[in-house]
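Please open the model in a viewer and keep the sequence panel at hand.

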Amino acid sequence: MARHEGRVVFVRHALPGERVIADVTEETSRFLRADAVEILEASPDRVVPPCPYAGPGRCGGCDWQHATVEAQRRLKAQVVAEQLRRLAGIEREVVVEEVPGAKDGLGWRTRVQFAATSTGELGFRRHRSHDIEVVDACLIAHPEVEAAGVEDHLWPGAAGVEVIASSGGDRAVVVAPRARRSVTVPDLEAPASVLLDQGKGRTVPRRGSGVLHEQVGDREFRVAGSGFWQVHPGAAETLLDAVLAYAAPEPGEWALDLYCGVGLFAAGLAEVVGPEGAVFGLESEAAAVRDARANLRDLPQARVERGRVEEALDRFQIERADLVVVDPPRAGLGRDVVERIASLDALRIVYVSCDPATLARDLAWFGERGYVLSDLRAFDAFPMTHHVECVALVVKE
């Protein structure tokens with residue numbers, strides 16, 4: 001971030017403390033966006049990007065290939081701390097922890113979405129653009145994703161192609177067709193289910209079942225199609241361990257898992273609260289609810305229902321809980337949901353967040369209802385990008 005004539009300038013491909021020549025790419029009345037096109041005085045944290053497609057005007061997927069992995073984590077920690085201070089008035093030193101399974105910050109992404117050109121070549125959108133940077137490989141993609149070799153083929157009629165590799169050894173290719181076009185699916189280098197994306201989260205198997213299996217500890221989870229699962233191979237187990245440590249469930253307790261997905265946290269909670277306790281999960285996606293029910297079928301104390309948290313807590317007459325786990329989308333909870341959760345008078349609320357700004361905003365609203373941030377951990381679940389995953393423990397003041 002820099003300043004020019006009173007306006008903030010967001011300079012992509014630069015690092016704090018550097019002097020650069022920046023090319024302005026976007027201008028508003030309040031700020032400018034720019035790319036660093038020449039480095040005059042380099043930061044000691046600067047490295048040569050390992051990916052040939054990283055750089056000004058190139059692939060928009062990775063933000064920080066030009067910084068060491070250690071520097072990336074320091075920068076993410078500063079961002080989290082700054083958002084807590086600015087939006088919630090919370091002063092806290094933050095450390096971003098490594099997540100196992102991403103040596104040198106590369107080869108970790110188990111779900112990769114490629115965009116397709118009009119001729120069927122695959123690549124990624126350039127930053128803030130619909131233009132596509134055609135690639136022959138992605139360095140942050142997991143080796144089992146790259147093993148499919150989708151970039152080596154043309155995909156006529158496709159708007160996009162997603163490749164998924166699960167920890168259970170499954171692989172799926174989800175193809176989004178262009179409007180009123182059929183898609184020619186090439187022969188791939190590795191076995192994979194092929195599904196057609198019909199929009200709004202619906203997929204139809206074209207080859208194979210399209211059901212993926214993920215292993216976390218001793219428990220297997222099924223995830224249908226391109227349903228949500230953590231993209232870093234070590235993230236699911238790391239986050240589950242962090243959530244359970246903060247939630248500290250006890251046998252016989254009554255727990256809620258809101259935005260529960262396919263039941264990762266619900267399963268962990270249910271195993272601890274036992275048959276004398278209960279876990280109630282809420283999820284808005286129909287396919288995820290089906291998966292969660294299948295994943296929790298051996299845990300009768302766990303129940304998952306479909307609904308938006310905004311209305312479903314009232315619909316199911318949920319009035320109290322011993323502990324609550326929330327893992328909302330990037331938009332966060334919002335004031336109404338924060339107030340509804342606070343009304344449950346839970347002893348412990350564990351908040352899993354992929355956006356420090358909405359997390360900090362929601363923590364400020366929890367503060368108005370008598371809850372305080374007790375502890376927080378941050379994880380580098382998205383190396384080479386600016387994204388960071390946080391797990392926060394919120395308790396009654």
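A residue is called buried when its relative accessible area is under 20%, exposed when it is over 50%, and partly exposed in between. The model shown is a predicted one.

**Domains**

Begin by colouring the chain according to its domain assignment: domain 1 covers 2–46, domain 2 covers 77–101 + 215–396, and domain 3 covers 111–210. The centres of domain 1 and domain 2, taken over C-alpha atoms, are separated by 36 Å.

Next, select residues 1–38, which carry the annotation "domain: TRAM" in an unreviewed UniProt entry. This span is 68% strand and 0% helix, and its end C-alpha atoms lie 16 Å apart.

**Salt bridges**

Side chains of opposite charge can pair when their charged atoms come close. Over the whole structure, a search finds 30 salt bridges; a few of them are visited here.

Select Asp45 and Arg74, whose side chains form a salt bridge with an N to O distance of 2.9 Å. Asp45 belongs to the loop between strand S4 (31–41) and helix H1 (69–88), whereas Arg74 is in helix H1, so the pair ties together parts that are 29 residues apart in sequence. Asp45 has 24% relative accessibility and therefore counts as partly exposed; Arg74, at 41%, also counts as partly exposed.

Now display Glu26, Arg33 and Arg128, which are linked in a network of salt bridges.

Move to Arg320 and Asp322, where a salt bridge joins the side chains at 2.8 Å, N to O.

Then select helix H7 (residues 335–342), which holds both Arg335 and Glu339, 4 residues apart, or about one turn of the helix. These two residues form a salt bridge in which the closest N and O atoms are 3.7 Å apart. Arg335, with a relative accessibility of 33%, falls between the two cut-offs and so counts as partly exposed; Glu339 counts as partly exposed at 30%.

In soluble globular proteins, nonpolar side chains tend to be buried together. The largest nonpolar core in this model has 41 residues, and those with the most contacts inside it are Leu256, Leu258, Val324, Leu333, Ile341 and Phe366. Helix H8 (residues 356–368) contributes the largest share of this core, 5 residues.

Centre the view on Leu333 and show its surroundings. Leaving aside residues up to four places away in sequence, Leu333 touches Tyr259, Val326, Pro328, Val338, Ile341, Tyr351, Arg361, Asp362 and Phe366. A second, separate core has 38 residues, including Leu264, Phe265, Leu299 and Val391.

**Helix H4**

Finally, select helix H4 (residues 264–273). How many of its 10 residues are buried? The count is 8, so helix H4 is largely enclosed by the rest of the structure. The buried residues of H4 are Leu264, Phe265, Ala266, Ala267, Gly268, Leu269, Ala270 and Val273. Two of these, Leu264 and Phe265, also belong to the second core. To end the tour, step to Gly274, which follows H4 and has a positive phi, near 70°.

Notes
Residues numbered from 1 in each chain as written. Predicted model: local features only at pLDDT ≥ 70, side-chain atom pairs only at ≥ 80, totals over all residues. Heavy atoms only, no water. UniProt positions renumbered as here; feature names shortened; annotations may be inferred. Helix = DSSP H or I, 4+ residues; strand = E, 2+ residues; numbered from the N terminus. Salt bridge = Lys/Arg side-chain N within 4 Å of Asp/Glu carboxyl O. Buried < 20%, exposed > 50% of the residue type's maximum accessible area, 1.4 Å probe, protein only. Core = buried A, V, L, I, M, F, W, Y, C linked by side-chain atoms within 4.5 Å. Contact = heavy atoms within 4.5 Å. Domains from an automatic or database assignment.
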